[in-house]
Amino acid sequence: MAPTEAVVFVFFAALLTDLAAGLGAVPFFFVEDVSDRTYVTLWGFAAGIMLSASLFGLLPEAVDQGPLVEVASGVVVGALLVFGASRLLGEYKFHPQTISEADFRRLVLIVGTLTVHSFPEGVAVGVSFADLNLRMGESILGFSVPILAIFVTTAIALQNIPEGLAVAIPLKTQGISNWKLVGWAVFSSIPQPLAAIVAFYFVQIARRTLSFGLGFAAGAMLFLVAYELLPEARTRGQNLQGQGHREIMVGFTIGIALMSPLLIVG
């Protein structure tokens, strides 16, 4: 069983990734609008970050921890679960301004939508801390933190910034104040800390499931890249020259390059 101090540490690490979503609304303190070119580039950036975390962080560690069949099973289950949940929720879009008027069904849809988008990232953070204080790592606040955990937590925090911006943009057009934009951006990723401590606690009491858990997180995030991030970028980039492909690639390359130092250290 994981010590309480370790669970609290993981919770606050994941909470930082949630708070990072609020940074997505910060540009509106200085400008009235964000160009399509910037928006598309940031989605490419988020895709590059998540791809790096999955392919170069979670999956290699998963293969080290258990049989390839368990890793592959985790990848498939993670992708299918997110796909199924996305299809179940249909085309419902999260609009914070409707919460006060929402009935029970709409509140369930709002919570479900937030969970589908944030749960995989929270799970990734939680399972990446599985070796907290068990192996050599970086010393942070008295804990020996695995390089994988630093890598994944940093990656999730960075990719949450464009997601926060995606929440803030439609609200800005409706006259929502800048500080409320920050609050709603943070709220949009609120399931992440909860998912992180559930995943961390689970792999502590069922250690043999770690390879499956790492594969699950990787599969879910890879699915989000292919099914949501890149399609969203392409849709927003249709009015740009080359349909935004150049901006997507620039952002994608920056995202991968930004994670390279941690990849080398790891």
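I count a residue as partly exposed when its relative accessible area lies between the buried limit of 20% and the exposed limit of 50%. The model I am reading is predicted.

**Entry 1: a loop residue**

I looked up Gln-243 first. Its relative accessible area is 45%, so I note Gln-243 as partly exposed. It sits in the loop between helix 8 and helix 9 (245-265). I also checked its backbone. Gln-243 has a positive phi of about 60°, although it is not a glycine.

**Entry 2: salt bridges**

Side chains of opposite charge can pair when their charged atoms come close. How many salt bridges does the whole structure hold? My search finds 3.

I took Arg-236 and Asp-36 to begin with. Their closest N and O atoms are 2.6 Å apart, and they form a salt bridge. Arg-236 belongs to helix 8 and Asp-36 to helix 2, so this pair ties together parts that are 200 residues apart in sequence. Arg-236 is partly exposed at 23% relative accessibility. Asp-36 is partly exposed too, at 25%.

Then I turned to Glu-247. It forms a salt bridge with Arg-37, with 2.9 Å between the closest N and O atoms. This pair links distant parts of the chain: Glu-247 is in helix 9 and Arg-37 in helix 2, 210 residues apart. Is Glu-247 buried or exposed? Its relative accessible area is 4%, so I mark Glu-247 as buried. Arg-37 comes out as partly exposed, at 39%.

Glu-247 also meets Arg-246 in a salt bridge, at 3.7 Å from N to O. Arg-246 counts as exposed, at 53% relative accessibility. Shared partners join Arg-37, Arg-246 and Glu-247 into one network.

I went back to Arg-236 for one more contact. Its charged end sits over the ring of Tyr-39, 4.2 Å from the ring centre.

**Entry 3: aromatic pairs**

A pair of aromatic rings is described by the distance of the centres and the angle of the planes. I find 9 aromatic pairs in the structure. One of them is Phe-29 with Trp-179, edge-to-face, with 5.0 Å from centre to centre and 70° between the planes. Phe-29 is in the loop between helix 1 (4-20) and helix 2 (36-65), while Trp-179 is in helix 6 (residues 178-187), 150 residues apart. Phe-29 is partly exposed at 32%. Trp-179 is exposed at 66%.

Next I looked at Phe-83 and Tyr-227. Why do I call this pair edge-to-face? The planes meet at 80°, and the cut-off for edge-to-face is over 60 degrees. The ring centres are 5.9 Å apart. Phe-83 lies in helix 3 (residues 68-89) and Tyr-227 in helix 8 (residues 210-236), so the pair ties together parts 144 residues apart in sequence. Both residues are partly exposed, Phe-83 at 31% and Tyr-227 at 36%.

I also noted a cluster. Ring pairs link Phe-9, Phe-129 and Phe-143.

**Entry 4: helix 3**

I checked the length of helix 3. At 1.5 Å a residue, its 22 residues should span 32 Å, and the end C-alpha atoms are 32 Å apart, which agrees.

Which residues of helix 3 are buried? They are Val-71, Gly-74, Gly-78, Ala-79, Val-82, Ser-86 and Leu-89. Seen down the axis, the buried residues of helix 3 fall within an arc of 120°, so they line one face. An α-helix has 3.6 residues a turn, so residues three or four places apart point the same way. The face of helix 3 turned away from the buried side carries the exposed residues Val-69, Leu-80, Arg-87 and Leu-88.

Definitions and conventions: Residues are numbered from 1 along each chain as its sequence is written. Side-chain values use heavy atoms; hydrogens and water are left out. Rings of Phe, Tyr and Trp (its six-membered ring) pair if their centres lie within 6.5 Å; planes under 30 degrees apart count as stacked, over 60 as edge-to-face and the rest as tilted. Helices (H or I, at least four residues) and strands (E, at least two) are DSSP runs, numbered from the N terminus. Buried means under 20% relative accessible area, exposed over 50%, partly exposed in between (1.4 Å probe, protein chains only). A charge sits over a ring if NZ of Lys or CZ of Arg is within 6 Å of the ring centre and within 35 degrees of the ring normal. The expected span of a helix is 1.5 Å times one less than its number of residues. The arc is that of the directions from the helix axis to the C-beta atoms. A salt bridge is a side-chain nitrogen of Lys or Arg within 4 Å of a carboxyl oxygen of Asp or Glu.
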